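Me: Please take a close look at one part of this structure for me. I would like to see how two chains meet.

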Amino acid sequence: MPQPIELHVNGRTRTVTTEPDRPLLEVLREDLAVQGVKYGCGEGQCRACTVLLDGRPTPSCLTPVSRAAGKTIVSIEGLAEGEELHPVQQAFLEADAMQCGYCVPGMILTAKALLERTPDPSDEQIVAGMNGNLCRCCGYRNIVKAVRLAAEGKKRAEARHAELV
Amino acid sequence: MPSSFEFQEDLFEPERRELLEGPPYRFELDRREWAALVGAGLWITAAGKTAYGQSGAAPELAAGIRLHLGQDGTITVLTGKVDVGQGSRGQIRQAAAEELRVSPEAVRVRLADTDVTPNDGSTAGSRTTPSTVPVVRRAAARAREMLLGAAAQAWGTEPSRLTVRDGAVTEPGGERRMSYADLARSPGAADVRDEGAPRQPPLTPVEQWRTLGRPEGKADGRAIVTGRHEYPSDIRRPGMLYGAVLRAPSYGARLLSVDLAPAKALGAAAVHDGELAGCAAETSYQARKALAAMAATARWEESPQPSSDELTEHLRRTAQREGSGRSGPRREERGSLEQGFAAAEKTVSASYSIPYIQHAPMEPRAAVAEWADGKLTVWTGTQRPFGVREQLMEAFRLPAGKARVIVPDTGGGFGGKHTGEAAIEAARLAKAVGKPVSLRWTRQEELAWAYFRPAGVWDVRAGLAGGKIVAWDFACFNAGTAGMESPYAAPHARTQYFPCDSPLREGSYRGIAATGNNFARETFVDELAEAAGADPLAFRLDNLSDERLRNVLTAAAEAFGWERRRTGRGVGAGIAGGVEKGSYVAACVELAVEGEAIRIRRLVAAFECGAIQNPLNLRAQVEGALIQGLGGALLEEVRFAGGRLLNARLADYPVPRFADAPPMEVVLLDRPDLPSAGAGETPIIAVAPAIANAYQAATGVRARALPVRAKASS
């Protein structure tokens, strides 16, 4: 039976009344028009549906909406600050790491979490960290480049910050 | 099973598919109607026949606007092509910007809307580059010439003394300036028929390119990285419901009866009309529940179906050896095979096979359908917008003008989205419920019910004398004719194609049959080199006269270090090349066999498609095709039995991931002296044979079937 569920999506609190076992993916897309999160397989194999649930990359297609209640949910729409892109978004743009682009929201969120865990990853760590995400255009090389670029940008920004302090 | 949709034309070579007849009528544009759609200003219409270069596409003059110059300064290029990730939007923009002398950002591109854009046929066959880009450039060059002419007339000078820069002409030594917006606002501005023009406007020669030839990033990159980019599955309409369609338990099964009441009891609207049964509800969750309730009552009549284990035998057994016409067998012969084999010192023969594989684009088929005042509008991801409109008109018996197909940029195609299943299903559901319906196929539906890359079997035989191929006998079963013709010189040759009964519904793919035909040919050529006691590269070069193919082979071999390649202890290197659709590719692979695992240690490819228009996108296309090709070579295989797909889940149908992408080097050979050919497909064709050849070098065992699997015993 439908029940009210409180969701914290991209900094806003939204209450939906819905079946608790509905996939978070569908509630985000259909009820809240958060459509940057994509359906790809419904089996957690492609990660186009990735959101950050309390900071952890999570396949929203396999996550019942009730399990997201009270947690922070970040989708691709929640990364940029106004017109200013998140550094990982900027890096994907600079590396032209997209063909059809359908996998990109999930890629960017996975990469963001990876870089928070491992700020200066080797290529092997990037591959291991991103391997759950599929790109059928097979633009993997540019995506690895983008993640590396984002890591370097972050390092540079931190170095600048250290100099200032 | 017989296919219910018409798409087989894409299996065949262009000349089989070419529609030679022009339209029986040509109608004038209705200015008011078009002004409402594209805005006031100046329109340039292009001659229909030059734009498509694709089969099944009747040129439609009523939708012939190619370029629109708005009075507000906007510049819009219109084409019926779609962007499924290959970058047609950016390419069209870049090409128009070149001729207009503006920055690419100043050009808007309107793609694939059957009510608005010209019918440029399918987005397939690598035709956008050779067919659509030149037409767009001509229309843009016409606009530039008009601007020059208008300015020259206004200022009492010769057009040849003026140049367009940044979208405007400036008076030499003067103050006056005239832009495209000024031209569009001028009283004489009206629609201009490109075809009626006295002469073709000059296109900018390659050596003068300022915009083409430069790396340009994705046209909608910012929308993509922010998640704002709208795909077919993202379209929302007021009052829209979500649909679900009942699928058969097996291929060929007939629906005898189904009770809609259980679905209706759950609050869904349900419909059963002929072969289609489905429902629509407020959410896809509710639609799924309602569908499951319906499905439990469905009665089916199933029929025996072949299994993938007996596929090779089934194709051979059902081969159609007699007949003629579009769907019949094909045979081409030169010289005398008998004479050729009689002169041979050695004769080699072998058979090859490939399975069905799926395109598995990231975005499964999706459509939103809406009926208003008897007119149907469908937003869907398809590579044949005008073909799908025809399908809709036929399915719903609609007259022309009562069906419109709009294709938002789509999440992948790879030749797999030529048909309109989702569009028709969504439209039927929408008609039943009287509201717009969004139908998104599940991954499982996409894997099981979308059409497949055809499976194939080959019998190849050749005769050698003095290190040369003197006789060549190549027979392909089922896969298709693309890429059948051998680039190797042989005085006596026979090439045959036999259509077969296909157990699965099949259709186009990236490179279509050239994937299989090149696998068979290039693997066999390695067997010939072995029989001749020659190096695989040297043997190829000795038997090839096509300079461009020789160049890519040499370039790939050099970058790879073919002369210094490693062999032995489970490590081997292989080479293969090919030409398809006017572009050339060669690949070198080094792999290691470790138990049952095959690890690609290095992949080097050289690619040449004439003058390079956008090196950034070209590299992405080549790299993507190479890695996608690794999937078909090593991982992908559709398995089925009793009419049921045995691996219709991504977990069971592995495709290449990050970890599967090997260290790679791509050499792009630029040929500014040659016209640009398409590049989205050809790079895929050399990967599988290069891997098969490397596998042989590593293990001494020939891999004659795809995917290549390591035998633990070898």
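What follows is a walk across the interface of chain B and chain A.

Reply: Keep in mind that this is a predicted model. Start with the head count. On one side, 57 residues of chain B take part, and they are in contact with 52 residues of chain A. The two chains bury about 4700 Å² between them. Carbon and sulfur atoms give 53% of that area. Three residues of chain B stand out here: M362(B), R657(B) and F658(B) lose the most area to chain A. Together they make up 21% of what the chain B side buries.

Now the charged pairs. The rule finds 7 salt bridges across the interface of chain B and chain A. Take E83(A) and R222(B), which form a salt bridge. Their closest N and O atoms are 3.6 Å apart. A salt bridge here needs such atoms within 4 Å, so this pair qualifies.

Polar contacts come next. Across the interface of chain B and chain A, 37 residue pairs are in polar contact, with both residues at pLDDT 80 or more. Which helices of chain B supply at least two residues each to the side that touches chain A? They are α7 (221–226), α9 (284–295), α14 (443–449) and α18 (615–635). The largest share comes from α18(B), with 7 residues. Sorted by class, the side of chain B that touches chain A has 23 nonpolar, 20 polar and 14 charged residues.

Over all chains, the structure holds 11 aromatic pairs. One of them is Y140(A) with F658(B). Their ring centres lie 4.5 Å apart, and their planes meet at 50 degrees. Stacked needs under 30 degrees and edge-to-face needs over 60, so this pair is tilted. Where does each partner sit? Y140(A) lies in helix α5 (residues 140–164) of chain A. F658(B) lies in the loop between β27 (644–645) and β28 (664–669) of chain B. The pair therefore joins two chains. Are these two residues buried or exposed? Both Y140(A) and F658(B) are buried. Recall that F658(B) is also among the residues of chain B that lose the most area to chain A.

Ring pairs link Y356(B), F452(B) and F640(B) into a cluster.

Technical notes. Residues numbered from 1 in each chain as written. Chains lettered and ligands numbered in written order. Predicted model: local features only at pLDDT ≥ 70, side-chain atom pairs only at ≥ 80, totals over all residues. Heavy atoms only, no water. Contact = heavy atoms within 4.5 Å. Buried area = accessible area lost by both parts, 1.4 Å probe. Salt bridge = Lys/Arg side-chain N within 4 Å of Asp/Glu carboxyl O. Polar contact = N/O pair within 3.5 Å; in protein donor to acceptor, adjacent residues only side chain to side chain. Helix = DSSP H or I, 4+ residues; strand = E, 2+ residues; numbered from the N terminus. Nonpolar A, V, L, I, M, F, W, Y, C, P; charged D, E, K, R; others polar. Phe/Tyr/Trp six-rings, centres within 6.5 Å; stacked < 30°, edge-to-face > 60°. Buried < 20%, exposed > 50% of the residue type's maximum accessible area, 1.4 Å probe, protein only.
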